[in-house]
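Hello,

Here is the structure I promised to hand over. Please have a look, then read my notes below.

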Amino acid sequence: MGQNDEALAFLLESLAMKEAAGLTTEKDKATAYNNIAAIYVEQSKMSEAVEYYNRAMEACRSQTDPNEELLATLYNNIAGIYNNQGKH
């Protein structure tokens, strides 16, 4: 298992454990989803990356005080993927 695969497994397991214990905030989810998406980008799994960037945006927007900087970064990350795929 490569480092990215291992990191992905740890992120997904950590998120699942926190959610099961009721310890996850929307901010935590947004951060975890963003990190998961970044690993998928490193693995050239762009559809999965976009899926998790979208999940991060949903979690970010559902906060009472959304992190506008993170939202802007997420939009930029998705735009970069689409641009690289020629979907502009």
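**What I found**

The chain exposes about 5600 Å², and carbon and sulfur atoms supply 49% of that area (Shrake-Rupley method, 1.4 Å probe). This is a predicted model: local features need pLDDT of at least 70, side-chain atom pairs count only at pLDDT 80 or more, and totals for chains, interfaces and linings use all residues. Residues are numbered from 1 along each chain as its sequence is written, and side-chain values use heavy atoms, with hydrogens and water left out.

The fold first. The chain has four helices and zero strands (DSSP runs: H or I of at least four residues for helices, E of at least two for strands, numbered from the N terminus). Along the sequence the pattern reads α-α-α-α. The C-alpha atoms fill a box of roughly 40 × 35 × 15 Å along the principal axes. Of the 88 residues, 31% are buried (under 20% relative accessible area, 1.4 Å probe, protein chains only).

Now the aromatics. The whole structure holds two aromatic pairs (ring centres of Phe, Tyr or Trp, its six-membered ring, within 6.5 Å; planes under 30 degrees apart are stacked, over 60 edge-to-face, the rest tilted). The ring centres of Tyr40 and Tyr52 lie 5.7 Å apart with planes at 35 degrees, so this pair is tilted. Tyr40 sits in helix H2 (residues 26-42) and Tyr52 in helix H3 (residues 46-61), so the pair ties together parts twelve residues apart in sequence. Both Tyr40 and Tyr52 are buried. Tyr33, Tyr40 and Tyr52 form one aromatic cluster.

Best wishes

Technical notes:
Buried < 20%, exposed > 50% of the residue type's maximum accessible area, 1.4 Å probe, protein only.
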